[in-house]
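Trainee: I would like to go through this model feature by feature. Please give the general idea each time, then the case at hand.

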Amino acid sequence: MMFSSLTNYPYASGRRVVLGSRGAVATSQPLASLAGMEMLWRGGNAIDAALAMAIALTVVEPCSNGIGGDAFALVWDGQLHGLNASGKSPQAFTREQFNGMEKIPPRGWLSVTVPGAVSAWQALWQRWGKLPFEQLFEPAIRYAEQGYPVSPETALAWKQAESQFLSLTRPEFQAFRATFFPHDRAPVAGEVWRSAAHAETLRAIARSQGESFYRGQLAEQITAFAADTGGLLTLTDLATHQPDWVEPISTDYRGVTVWEMPPNTQGIAALIALNILAELDLGRHPRESVESYHWQIEAMKLAVADVHHYIGDPGWMEVATHHLLSQEYARDRRRLIRKTAIPTAKPGLPRGGTVYLAAADPELMVSFIQSNYLGFGSGIVIPGTGIALHNRAIGFSLTAGHPNEVAPAKRPFHTIIPGFFSQQGQPLGPFGVMGGAMQPQGHLQVIVNLVDYGMNPQSALDAPRWQFVRNHLVLLEPTVDPAIATALAQRGHKIQPGKFFGRGQMILRQNGVLVAASEPRADGVALAW
């Protein structure tokens, strides 16, 4: 048993898990969750529901993802499959272009890699989809064409992006301003926002089963705009993109197998930290205790240091994944943890812009994540299309010889990571926490809540969180007991309050019942039937 009771709510926000047996969905946006349920009610399966939600989220939460983003998925159909649909850098993307720069600029064409999300929609539907491809787009097209009221948390994120994006004045940014800030401001909560161009683009993708985006009219529009405004993407870059089916990586944590995507993602960080904690009896300390917080923070600190040093596109990595996940290595790292904080100079990654969703039916379970990064992404929208391009190239390193060093036709280090649980060869279900460097840290904390403290999915998501940033700096959520903050500071941690601690969803199967949850840090909702 993974969690002890469906009524175990020591930290609950008043919300309750949602139960069903025929299907369940969970996203960060209620309208997207409804799109998934619409597919289930039409006779679709969990893949159909997941894709309808992913497509809808490009419309109803555009400040976190878009048609021009990347995606990853874990799918259980009797065994677990991984799909890496992250795009590579353009062929013309050379190290020399960044000479004299300390970091890759987060906005503009130099931050753009090939978008992979549409290829994820294609690949997943071709392998498991039950409904017609065009049908999966209907809710998103309806929301884009008829408009929808912007939800509160989405409106807040939109507003926070206002000053950054309205200050972009070069020609390549004008279509972005016209699309997302048509009145030179962000929409407020409850205000209706629509994008006819977005609807037409989704129709073109639906009719062509994604081919227009990589080898048709949309590809021509993307590359023509790149050529006119200094971009590097070419028709060849788009046409040669292919998502990769990959073997998920895992570790056993107290009888529960935790699955993540392999590099080029940071999912391995959660597994390294779990391995460090595995031989400790963390549950003997109360969940809200300085000992529990300290050990988790220190384990993640060590995992982050490893990931930032070793991880990149696997074709450039010198250290194999299985070495980083060995129990012997975990014991060596565990010996470094003392009662006081470990000093480290390894920085965390910036806050991301990402959506995570989960879907399940009796045969299929899907863990899916999609992102533009840093909110809206690069600030580039292809005129007349609503396609907002992501800025994943900023995940590259400019350090010579680093496995993640910038290069042509290479995948950058990626923050977005779907997660999955199984036990004794049987699926428990999908889970994920969005938010840049917070993602593996959120995974770790949710897993500890479930396994060590017996929480159910909703209470595991609701519980207070921390976030390691760099050196001794740790951010705490306002709901953390002030006494714990004081005790952590006494152990050498530099404690500051934080505002962003990720946003997660989860669906677990227990005794044939689907238990679905969506946390209160987003507008999201879990639904089941």
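Trainee: Which residue in S7 is the bridge partner of leucine 83?

Mentor: Strands of a sheet pair through backbone hydrogen bonds, either parallel or antiparallel. The bridge partner of leucine 83 in S7 is tryptophan 245. S4 and S7 are antiparallel and share three bridges. Two strands count as paired if DSSP finds at least two bridges between them. Strands (E, at least two residues) and helices (H or I, at least four) are DSSP runs, numbered from the N terminus. This is a predicted model, in which local features need pLDDT of at least 70 and side-chain atom pairs count only at pLDDT 80 or more, while totals for chains, interfaces and linings use all residues. Residues are numbered from 1 along each chain as its sequence is written, and side-chain values use heavy atoms, with hydrogens and water left out.

Trainee: How many bridges pair S3 with S4?

Mentor: Five, in the antiparallel sense. Tryptophan 76 has leucine 80 of S4 as its bridge partner. The two strands form a hairpin with three residues between them, and glycine 78 in the turn has a positive phi of about 120 degrees.

Trainee: Which residues of S4 lie on one side and which on the other?

Mentor: In a regular strand the side chains alternate between the two faces of the sheet. In S4, Leu80, Gly82 and Asn84 are on one side, and His81 and Leu83 on the other. Both faces are covered, and five of the five residues of S4 are buried. Buried means under 20% relative accessible area, exposed over 50%, and partly exposed in between (1.4 Å probe, protein chains only).

Trainee: What is the strand order of the open sheet?

Mentor: The seven strands run S7-S4-S3-S11-S10-S2-S21, with antiparallel pairing. Strand S7 (244-246) and strand S21 (525-528) are the edges, each pairing on one side only. From one strand to the next the twist averages 15 degrees. Within the sheet, strand S2 (residues 24-27) and strand S10 (residues 354-360) are antiparallel and joined by three bridges, with valine 25 opposite alanine 359.

Trainee: Which strands does H2 lie across?

Mentor: H2 lies across S2, strand S3 (70-76), S10 and strand S11 (365-371), at about 160 degrees to S10. Helix H1 (residues 30-41) lies across S2 and S21, at about 160 degrees to S2. Axes are lines fitted to C-alpha atoms, for helices over the stretch in contact, and the angles run from 0 to 180 degrees between N-to-C directions.

Trainee: Which residues touch the most other members of the largest nonpolar core?

Mentor: In soluble globular proteins, nonpolar side chains tend to be buried together. A nonpolar core is a set of buried Ala, Val, Leu, Ile, Met, Phe, Trp, Tyr and Cys residues joined through side-chain atoms within 4.5 Å. The largest one here has 106 residues, and Trp121, Phe137 and Phe368 touch the most other members. Helix H2 (residues 46-60) gives the most to this core, with 13 residues. A second, separate core of 56 residues includes Leu302, Val446, Ile447 and Trp466.

Trainee: What does phenylalanine 137 touch?

Mentor: Leaving out residues up to four places away in sequence, phenylalanine 137 touches Ile55, Trp121, Leu202, Ile205 and Ala206. Contact means heavy atoms within 4.5 Å.

Trainee: How many aromatic pairs are there?

Mentor: Rings of Phe, Tyr and Trp (its six-membered ring) pair if their centres lie within 6.5 Å; planes under 30 degrees apart count as stacked, over 60 as edge-to-face and the rest as tilted. The count by this rule is 22. Tryptophan 158 and tryptophan 193 form an edge-to-face pair, 5.4 Å centre to centre with 65 degrees between the planes. Tryptophan 158 is in helix H5 (residues 152-166) and tryptophan 193 in strand S6 (residues 192-193), so the pair ties together parts 35 residues apart in sequence. Both tryptophans are buried.

Trainee: Is arginine 95 buried or partly exposed?

Mentor: Arginine 95 is partly exposed, at 24% relative accessible area. Its place is the loop between strand S4 (80-84) and helix H3 (117-128). A polar atom of its side chain lies 2.6 Å from the backbone oxygen of leucine 398. The side chains of arginine 95 and glutamate 405 are joined by a polar contact of 3.4 Å. A polar contact is a pair of N or O atoms within 3.5 Å; within protein, one must be able to donate a hydrogen and the other to accept it, and residues adjacent in sequence count only if both atoms are side-chain atoms.
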